[in-house]
Amino acid sequence: MEPGVFELFVRILQDAEEIILCGAESNKHRNIRMAIEELNWVSSENTTYIFSFRFVCSILSIDPKKRKEKIISDFLQKREHFMNQQNQQNLLSNTKYPLQ
């Protein structure tokens, strides 16, 4: 395989992971929607489409099941951390006597 083609597949996977993690740490509807679209791509069982997650993983010699589990785990951890921070900020902003 030509290096340029290999790099294309690497970048496709990297972009998807970046979009997913960006959505995990956002309240913006657009970022969350894009993350969900990428999570759907990662969860797809399609193996015939050249740009499917499973096909990309096979080209890169990556176990798609393990990579999917890691991506989803990272997303959930970052989302939980983000939501906890948001809740703490909301609690502090609603306090009559802010902590100093």
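Visitor: In which helix of the chain is confidence lowest, and in which is it highest?

Guide: This is a predicted model, and within the chain the mean confidence is lowest in H4, at 92, whereas it is highest in helix H2, residues 29–43, at 97. For the chain as a whole the mean pLDDT is 91, and 93% of the residues reach 70 or more. Where pLDDT is low, the predicted coordinates should not be read in detail.

Visitor: What makes up the secondary structure of the chain?

Guide: The secondary structure comes to four helices and zero strands, and from the N terminus on the order of the elements is α-α-α-α.

Visitor: Why are H1 and H4 called roughly parallel to each other?

Guide: Helix H1, residues 3–24, and helix H4, residues 64–93, pack at an angle of about 25°, their axes being 8 Å apart. Angles under 35 degrees count as roughly parallel, and H1 and H4 are therefore described in that way. In passing H4, H1 makes a right-handed crossing.

Visitor: Which residues make the contact between H1 and H4?

Guide: On H1 they are Leu13, Glu17, Ile20, Leu21, Gly23 and Ala24, and on H4 they are Arg67, Ile71, Asp74, Phe75, Lys78, Arg79 and Phe82. Sorted by kind, the residues of this contact are seven nonpolar, one polar and five charged.

Definitions and conventions:
Residues numbered from 1 in each chain as written. Predicted model: local features only at pLDDT ≥ 70, side-chain atom pairs only at ≥ 80, totals over all residues. Heavy atoms only, no water. Axes fitted to C-alpha atoms, helices over the stretch in contact; angles between N-to-C directions. Helix = DSSP H or I, 4+ residues; strand = E, 2+ residues; numbered from the N terminus. Parallel < 35°, antiparallel > 145°, perpendicular 65-115°, else oblique. Left-handed = near helix turned anticlockwise from the far one by under 90°. Contact = heavy atoms within 4.5 Å. Nonpolar A, V, L, I, M, F, W, Y, C, P; charged D, E, K, R; others polar. pLDDT = per-residue confidence, 0-100.
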